[in-house]
Amino acid sequence: MVFHSKATLEHWVAEFIEARSAGEEIRVVVQDGSGGEDTGLVLIPLENAPNQVWIEPRDEGDDLSWHVFIQPAERTLELTSFELNALTHELQIAAELCAFLQEKSLGHSEPEPAAETESSSAE
């Protein structure tokens with residue numbers, strides 16, 4: 001399984017924000033991995049829609065693929081053309097960050113903390 005620590009994701013998000021000069025409100029929050037390891041969840045807050053949006057990797061066999069998740073809203077979203085344009089811009093930043101994380105992940109590996117603990121206790 002592919003593992004990216006919260007610290008690594010924070011560094012990558014900071015790189016993206018600096019290079020893109022956008023997305024300052026994006027943050028990485030703690031997400032416990034399946035083994036209790038320190039993983040992160042990348043949240044993209046939207047100003048122009050009530051939906052929750054986040055990015056996380058999916059381990060697809062030998063491949064890692066980053067995906068954007070958009071939680072459904074409780075009500076129909078009604079927007080002016082200006083609001084829709086602003087929302088489109090926010091979603092474009094999410095798409096660009098998703099592609100950026102995909103690229104940063106290629107060839108990147110971190111040891112999973114659970115694997116390190118198991119090998120240490122076996123000695």
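The following exercises, each with a worked solution, concern a predicted model of a protein chain.

**Exercise 1. Overall composition**

Determine how many helices and strands the protein chain has, and in what order the elements run.

*Solution.* Begin with the count: the secondary structure consists of 3 helices and 4 strands. Next, read the elements from the N terminus, which gives the order α-β-β-β-β-α-α. Then turn to burial: of the 123 residues in the protein chain, 33% are buried. Finally, consider contacts between residues at least 6 apart in sequence: 51% of these join residues at least 24 apart.

**Exercise 2. The crossing of α1 and α2**

Classify the arrangement of helix α1 and helix α2 by the angle of their axes, and state which residues make the contact.

*Solution.* First, locate the helices: α1 comprises residues 6-20 and α2 comprises residues 81-105. Their axes come within 10 Å and cross at roughly 125°. Third, assign the hand of the crossing, which is right-handed. From α1, the contact is made by Trp-12, Glu-15, Phe-16 and Arg-20. From α2, the residues are His-89, Ile-93, Glu-96, Leu-97, Phe-100, Leu-101, Lys-104 and Ser-105. Sorted by class, the contact contains 6 nonpolar, 2 polar and 4 charged residues.

**Exercise 3. The segment before α1**

Decide whether His-4 is buried or exposed, decide the matter likewise for Ser-5, and identify the side chain that each joins in a polar contact.

*Solution.* Both His-4 and Ser-5 lie in the segment before α1. The cut-off for a buried residue is under 20% relative accessible area. His-4 has a relative accessibility of 5% and therefore counts as buried. Ser-5, at 12%, also counts as buried. For the polar contacts, the side chain of His-4 is joined to that of Ser-105 at 3.3 Å. Ser-105 is also one of the α2 residues in the contact with α1. The side chain of Ser-5 is joined to that of Thr-8 at 3.0 Å.

Definitions and conventions: Residues numbered from 1 in each chain as written. Predicted model: local features only at pLDDT ≥ 70, side-chain atom pairs only at ≥ 80, totals over all residues. Heavy atoms only, no water. Axes fitted to C-alpha atoms, helices over the stretch in contact; angles between N-to-C directions. Helix = DSSP H or I, 4+ residues; strand = E, 2+ residues; numbered from the N terminus. Left-handed = near helix turned anticlockwise from the far one by under 90°. Contact = heavy atoms within 4.5 Å. Nonpolar A, V, L, I, M, F, W, Y, C, P; charged D, E, K, R; others polar. Buried < 20%, exposed > 50% of the residue type's maximum accessible area, 1.4 Å probe, protein only. Polar contact = N/O pair within 3.5 Å; in protein donor to acceptor, adjacent residues only side chain to side chain.
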